[in-house]
Amino acid sequence: MQGIRKLIASAAALLCVPALAIAQDAPIKIGVVSFLSGPAAGPFGVPARNAAEIMFEMINAGKVPAPYATKGLGGAKMQMSLVDESGGTTTQVTEFRNLVQRDNVDLVIGYISSGSCLGIAPVAEELKKLTVFFDCGTPRIFEERDYKYVFRTASTATMDSVGAALYVKDLKPNAKMIAGVNQNYAWGQDSWGDFELAMQQIIPGIKVATSQMPKLFAGQYNAEISTLLSSKADVIHSSFWDGDLEAFILQAGPRGLFKRSTVILTTGETAMYKLAAKIPDGVVIGARGPYGPYAPDNELNKWFSATFEDRYGVPPNYAAYQMAQAILGTKAAWEKAQAANGGKRPSQDQVIAAFENLTFVSPAGEVKMTNGKGHQAITGTAYGVTKKVGGKMTIDKIKRYPAEKVNPPDGVKAADWIKSGFKK
Amino acid sequence: MQELVAVVIDGIIYSAWLFIAAVGLTLIYGVMKIINVTHGSFYALGAYAAASITGALLAHGMPPMLSYAVLLGSALLVAIVVGPLIERGILRFMYVKDEVVILLITYALFLILEDVIKLIWGVDPYYISEPYGLLGSFDVADLTYPTYNLILVGVAIVCGAGLAWTLTKTRTGKLLVAVIHDTEVSRAMGINVDRFYVVTFTFGSLLAAIGGAFTAPTVSVVPGLGVEVIVLSFAVVVIGGLGSLPGAALGAVIVGLVRSATIHYLPQAELFVIYFVMAMVLAFRPRGLFSIAEARKI
């Protein structure tokens with residue numbers, strides 16, 4: 001009887017050997033979520049998807065420069081399951097469940113909208129699935145609770161807002177009045193809230209003329225522009241993105257808003273080339289970090305921007321950079337976990353342990369996962385003003401701000417950090 | 001005082017845009033008793049056709065001043081091609097069904113047309129901003145407004161007045177009013193109701209497409225453009241009373257002025273003010289401000 005048992009055990013062990021070999025090399029299924037339709041698709045979702053396609057293809061072929069020259073994730077090929085982010089938070093939660101429970105993806109990388117991220121984070125935790133947010137900016141995600149399975153490889157809106165306030169101080173130190181026009185949901189509210197607080201710290205006594213909060217995708221801004229013009233604010237802050245940003249530029253330009261006040265467009269980089277003729281000199285442009293025109297002159301950036309432009313005919317915008325950054329961060333964490341696991345395919349928990357507090361490089365330079373108990377990235381940022389040179393849009397007066405100067409320390413809420421006078 | 005002037009001007013401009021977008025919806029409901037969700041698709045199709053055709057012609061050296069005629073022509077093209085196709089090809093088989101079923105069918109068509117738009121134009125934004133700045137600007141109360149906004153107001157007035165004149169002063173309009181009041185009796189009296197249906201649907205679609213075409217120069221034309229419009233248009237026609245032309249005009253003016261005043265004086269309330277107005281109107285006048293009394297059939 002014992003002999004039979006041994007025989008069965010040996011047969012089972014033999015059968016498991018090829019199965020383990022397959023598991024080691026089996027493709028890693030990754031859900032990639034980005035806007036493929038709706039107003040955010042053209043300026044954000046599609047460039048991000050394009051970046052994902054390039055990165056998946058090049059990483060699988062082992063063609064990415066060092067330190068990412070190895071094939072796939074620890075040798076296993078990445079396989080993409082692409083999902084459209086449009087349709088609202090409820091739809092996204094359903095799609096996320098489908099990815100995890102029906103398609104059995106190993107991890108999910110995605111989400112541009114802060115609304116999507118706020119909706120997905122608790123579901124990722126409930127389903128215990130590693131999820132990497134690549135773009136959404138609201139700081140609330142890791143401020144309101146801790147997550148084990150959720151990571152974000154881009155900085156929060158706090159970085160954009162504090163960076164913008166520091167730039168205003170440099171550009172217009174005598175500014176006395178500010179105004180804002182931001183979309184009425186998590187991203188717009190948080191962006192304006194942080195900017196207003198930061199301005200009050202940096203230029204004490206500065207007044208707020210008006211804060212406009214139109215609905216997301218409203219499209220018509222005549223009345224808001226009138227109010228901003230009437231306010232005679234020295235500086236106008238806007239975190240508008242997607243088609244709203246473009247409509248705002250198209251409607252505000254002919255009404256002279258850009259001439260009357262210094263306008264800061266914290267996501268303006270996504271529109272600055274397409275609408276170059278409509279954006280006059282002197283508009284402050286942000287790129288949500290050191291991306292696009294603010295990206296460093298390193299080998300990884302040269303390779304990424306050249307590969308992207310060769311294939312799609314346009315330079316990558318910040319959404320594309322952030323997608324590439326999330327994928328490279330995942331690769332760095334996966335391979336660190338695999339190395340710690342003796343070269344064997346790591347478990348999800350091992351990847352998570354490796355991802356926490358990871359420092360990795362991307363085309364935008366160094367990314368440190370130091371906030372949100374090691375789940376939230378911080379990066380430096382940069383701002384500059386538009387300047388046409390020979391009819392081409394360029395950025396002038398660039399100022400760079402290191403990560404620690406524009407991000408709160410770990411465990412400190414953005415608003416508290418700003419109110420404390422940016423104390424470390 | 002200066003701010004009040006700005007409130008009125010901004011309100012009128014927004015009302016004009018809303019009225020152009022919504023009036024076709026109320027016309028189609030009035031005649032065909034269809035809550036037509038594809039109205040948003042016609043708005044988007046008008047915007048896309050206007051942006052791509054005008055852009056192409058300007059690139060081939062068309063005098064910029066002709067672009068206004070091309071905007072109108074693009075809307076006409078969309079309405080004439082797509083309107084009868086949908087009405088004759090799909091909707092006419094559905095008239096016997098319940099209003100809710102037809103509403104769902106038009107919603108399904110709206111989703112299909114959204115995908116058709118993506119298939120034809122992709123997801124990249126289209127811009128045709130030349131007509132917006134071409135006519136210069138004018139200053140009121142220390143504020144600059146593009147003269148193009150006056151064109152929007154003019155288009156709204158022409159659409160409204162033209163429709164009112166057609167309905168009250170022409171034989172066709174009077175026949176249409178008969179169809180609005182009672183389809184069965186109209187048929188019995190020899191009116192070709194089917195023809196009125198296709199013409200009404202096409203004309204209603206044309207109004208939506210004009211709304212989209214004349215909005216295109218002020219926005220980036222992107223997928224999903226029709227979604228926001230259909231929601232606002234419903235709010236306007238519900239406030240005014242479904243099927244009522246003066247109701248749509250008054251609804252647009254109320255919404256435009258209230259929204260403008262809110263933005264100037266209480267911006268934090270902008271998000272819900274339109275729907276607050278709608279809720280208040282419906283609380284006291286459940287069928288809208290200009291609801292038409294219906295005779296009870298025995």
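Start by selecting I20(B), which touches V155(B), A156(B), C159(B), L207(B), I210(B), G211(B) and F214(B), leaving aside residues up to four places away in sequence. Touching, or contact, is counted when the C-beta atoms of two residues, placed from the backbone, lie within 7 Å. This is a predicted model, in which local features need pLDDT of at least 70 and side-chain atom pairs count only at pLDDT 80 or more, while totals for chains, interfaces and linings use all residues. Residues are numbered from 1 along each chain as its sequence is written, and chains are lettered from A in the order in which they are written.

Helices here are DSSP runs (H or I, at least four residues), numbered from the N terminus.

Next, colour chain A by domain: domain 1 is 7–156 + 297–378 and domain 2 is 158–295 + 381–419, with bounds from an automatic or database domain assignment. Their C-alpha centres lie 29 Å apart. The contact takes 30 residues from domain 1 of chain A and 27 from domain 2 of chain A.

Finally, show both chains: 33 residues of chain B are in contact with 35 of chain A. On the chain B side, α1(B) supplies the largest share, 6 residues.

Notes
Helix = DSSP H or I, 4+ residues; strand = E, 2+ residues; numbered from the N terminus.
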